[in-house]
Amino acid sequence: MAPPVLRVTGLTKVFGAREQEALRLAGEGHGRDEILRRTGATLAVHDVSFAVERGELFVVMGLSGSGKSTLVRLLNRLIEPSAGTVEVDGRDLRALDDATLRTVRNQKISMVFQHFALLPHRTVRENAAYALKVRGASAAEQRQRADWALETVGLLERADARPDELSGGMRQRVGLARALAADSEVLLMDEPFSALDPLIRRDMQDLLERLQSELAKTIVFITHDLNEAMRLGDRILMLKDGCTVQLGTGPEIISAPADDYVADFTSDVDRTRVLTAGDLLREPRLTARVGDRPGDVLRALGAAEANGVYVLDGDQVVAGVARDDLLARAVQEGRTAIGPRELVPDYATIAADRPVVDFVHLVGQHPVPLGVLDEAGRLLGVVPRAAVLDALSAVPVRGRRS
Amino acid sequence: MIPHVPLGQWVSDLIDWLLDAVPWLFDAISAVMQVLVDGLTDALVSPPPVVWIVVFTVLALLLRGPWLALYTLLAFLLVVSLELWVETMQTLALVLVAAVIAAAISVPLGVLAARHRAVSVVVRPVLDSMQTTPVFVYLIPAVFFFGVGVVPGVVATILFAIPPGVRLTELGIRQVDREVVEAAQAFGARPGQVLREVQLPLALPAIMAGVNQVIMLALSMVVTAGLLGAAGLGAVVVRAVTQLDVASGFEGGLAVVLLAVFLDRLTGAFGQRSVLSRLRQARVRRGRQQDAPVADTRVGAASPVGARSVG
């Protein structure tokens with residue numbers, strides 16, 4: 001596997017005069033409040049480590065005061081770290097001199113801001129071209145890259161407008177275009193959609209998902225909204241009081257919150273959008289194969305107290321469902337192998353990556369549980385109705401891991 | 001008993017020493033200012049008044065609109081009829097020279113103070129004392145250094161007018177949205193670029209408010225400058241006071257007020273982004289019309305900034 005684009009190790013930030021003393025106390029395991037009381041310094045971020053793979057959308061999630069805004073600014077040294085390393089493409093940012101750091105910021109790391117941070121006296125196009133202007137690119141190249149970026153975010157026709165003529169959502173599209181035009185590998189997004197109203201926010205999330213599927217940037221996305229984190233993030237880092245509480249995929253965090261803090265968050269999450277068919281997947285209790293004896297299958301159905309069974313062909317591909325009544329008739333009529341006449345299309349299937357909200361209406365409608373198929377149509381497993389109800393009703397068990 | 005500290009004597013000695021040590025410096029400053037004020041006064045006084053009245057009126061029309069233009073026309077016609085035109089122009093020259101120099105000192109100082117905490121810490125108490133020291137106190141060394149006439153008046157005016165320029169510039173730059181500054185830095189802008197492309201343009205309204213204050217304070221120093229023998233409205237007022245001549249005192253005072261209102265409204269306009277963008281929009285529109293004789297109607301409709309910002 002390729003090395004991670006962004007690797008953060010032991011990243012720590014102390015605000016205040018007695019930095020070294022605060023670091024020592026933090027190293028001894030004292031908490032934020034204790035350090036503030038004893039040194040007057042604020043431990044904003046403490047010992048955070050993670051690595052982001054190329055093309056990954058990595059979410060840092062926390063409430064206000066959790067240090068997430070500080071953390072994202074440590075990643076491009078807008079704020080100078082107190083300890084730890086930030087490596088971009090294997091190069092430690094803290095070892096760079098000012099000029100090299102500026103080059104890295106200009107070419108490797110772009111940033112999108114919560115309140116857009118556009119230059120009000122420049123046009124949309126000039127804003128989008130800012131990184132290229134700083135780079136000293138030719139006017140033609142600036143225009144070409146800026147127009148490409150604006151087209152990508154769907155705002156090319158407003159290129160000559162000024163930011164104050166645009167709505168909030170449009171302004172953030174300009175912010176996004178400015179980051180895209182720089183053509184940098186890493187995108188830092190500091191609560192980019194928090195200042196937008198909910199409908200626009202959803203649009204922007206759609207846009208980001210679409211861009212990410214086309215451009216596959218390496219993104220660090222800051223948010224305080226766990227629904228947003230779950231929706232967008234490949235992995236999520238939960239931050240509390242500057243420390244990592246949990247790091248995992250959305251479903252991992254939902255199904256096993258590390259502590260009460262995380263559990264509190266997850267109780268508000270719309271599980272039907274986070275949990276996927278793959279998360280609820282069970283091994284089917286019973287399957288049959290084309291050519292099996294109907295009598296044997298019928299007996300097995302009786303033992304399993306089921307009304308039907310998936311019948312697979314030699315490649316594990318679903319051929320159909322054998323219902324108990326049809327099997328009984330086959331036995332009466334003396335057929336010795338399950339064939340097309342015993343099979344009915346009385347079942348529903350779903351792909352493993354689809355969220356519960358997409359298939360909840362299909363569950364329980366058929367004699368067999370919902371089938372989960374891979375791209376080739378092979379049966380990966382089933383989602384019984386009880387599993388869906390269990391997942392949706394489950395109140396996370398507090399401190400399951402602790 | 002507490003012994004007497006000869007503070008005043010020390011300051012007096014310092015001034016004597018300065019006069020001994022670097023007399024050429026004060027001569028040079030004096031000469032430069034004299035040339036500036038005389039040159040500007042000549043330019044303002046030599047053509048017939050109507051020339052400059054038309055210029056001022058057009059300027060008011062362009063920057064502020066018809067009402068200020070009307071005021072400008074009437075005010076300066078009144079000044080002419082009061083037979084105070086020459087004195088008013090002498091005062092205007094003094095104010096403009098003092099204001100330009102004061103702005104040239106205070107804006108960079110304000111920028112420095114905003115960017116470096118140490119500068120701010122040093123500059124602030126100096127500004128405080130400059131603003132609160134009674135004006136007449138620094139008239140005395142001004143006379144020692146520069147003699148009588150227009151130059152000590154200009155110097156005293158400059159000293160008096162610097163503090164608000166520094167303060168408002170510093171405040172303006174500090175108030176620039178931190179995220180926008182961060183954005184420029186995050187895309188690799190050098191500190192000088194951040195200043196030039198972000199901080200100064202965004203602080204412009206505050207800086208121009210500071211320049212406006214500089215000009216107004218300079219004008220308020222006119223009478224004081226008159227005490228030192230500078231020609232102009234100040235001299236008119238001072239003469240009226242010494243002769244207890246109510247009539248010419250009122251006329252001289254009125255001329256100062258008329259000039260003050262004109263300068264305030266005119267320079268106040270610079271601080272508003274709307275005026276700048278209106279000028280820019282007008283330029284862009286002209287440019288477009290030249291580019292494409294058949295104007296794109298959509299473009300015309302989609303430039304509401306100029307329309308919105310009137311008034």
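1. **How to read the model.** Residues are numbered from 1 along each chain as its sequence is written, while chains are lettered from A and ligands numbered from 1 in the order in which they are written. Since the model is predicted, local features need pLDDT of at least 70 and side-chain atom pairs count only at pLDDT 80 or more, whereas totals for chains, interfaces and linings use all residues.

2. **The annotated part of chain A.** UniProt, in an unreviewed entry, places the feature "domain: ABC transporter" at residues 6-266 of chain A. Such positions follow the numbering used here, feature names are shortened, and annotations may be inferred rather than shown by experiment. Across residues 6-266 of chain A, 43% is helix and 23% is strand, and the end C-alpha atoms are 27 Å apart. Helices (H or I, at least four residues) and strands (E, at least two) are DSSP runs, numbered from the N terminus.

3. **Two domains in chain A.** Domain 1 of chain A covers 54-74 + 99-274, and domain 2 covers 278-390; domain bounds come from an automatic or database domain assignment. Taken over C-alpha atoms, the centres of the two domains of chain A are 43 Å apart. Five residues of domain 1 of chain A are in contact with five residues of domain 2 of chain A, where contact means that the C-beta atoms of two residues, placed from the backbone, lie within 7 Å. On the side of domain 1 of chain A that touches domain 2, helix α13 (residues 271-274) of chain A gives the most, with four residues. By class, that side of domain 1 has two nonpolar, one polar and two charged residues. Here Ala, Val, Leu, Ile, Met, Phe, Trp, Tyr, Cys and Pro count as nonpolar, Asp, Glu, Lys and Arg as charged, and the others, Gly among them, as polar.

4. **Where the chains meet.** In the contact between the chains, 16 residues of chain A touch 14 residues of chain B. Helices α4 (98-107) and α6 (130-135) of chain A each supply at least two residues of the side of chain A that touches chain B. The most comes from α4(A), with four residues. That side of chain A divides into nine nonpolar, five polar and two charged residues.

5. **Chain B as a whole.** Chain B has 16 helices and zero strands. Of its 311 residues, 37% are buried; a residue is buried if 20 or more other C-beta atoms lie within 10 Å of its own, exposed if 12 or fewer, and partly exposed in between, with C-beta atoms placed from the backbone. Among contacts in chain B with a separation of 6 or more, 74% join residues 24 or more positions apart.

6. The unreviewed UniProt entry places the feature "transmembrane region" at several spans of chain B, including 68-86 and 92-114. Residues 68-86 of chain B are 84% helix and 0% strand, with end C-alpha atoms 22 Å apart. Residues 92-114 of chain B are 100% helix and 0% strand, with end C-alpha atoms 31 Å apart.

7. **Helix α2 of chain B.** This helix (residues 23-45) has 23 residues and reaches 32 Å from its first C-alpha to its last, close to the 33 Å expected at 1.5 Å a residue. The expected span is 1.5 Å times one less than the number of residues. Met33(B), Leu36(B), Val37(B), Thr41(B) and Leu44(B) are buried in α2(B). Their cover includes α3 (49-64), α5 (85-115) and α8 (150-174) of chain B.

8. **Helix α7 of chain B.** Ala142(B), Phe145(B) and Phe146(B) are the buried residues of α7(B). Seen down the axis, they fall within an arc of 70 degrees, so they line one face of the helix; the arc is that of the directions from the helix axis to the C-beta atoms. On the other side of α7(B), Phe136(B) and Val137(B) are exposed. Helices α2 and α8 of chain B are among the elements covering the buried residues of α7(B). Gly147(B), with a positive phi near 70 degrees, follows α7(B).

9. **Two backbone angles to check.** Most residues other than glycine have a negative phi. Asp89(A), which is not a glycine, has a positive phi of about 50 degrees and sits in the loop between β4 (83-88) and β5 (91-92) of chain A. Asp183(A) has a positive phi near 60 degrees and lies in the loop between α8 (168-181) and β7 (186-190) of chain A. Asp183(A) counts as partly exposed because it has 16 C-beta neighbours inside 10 Å.
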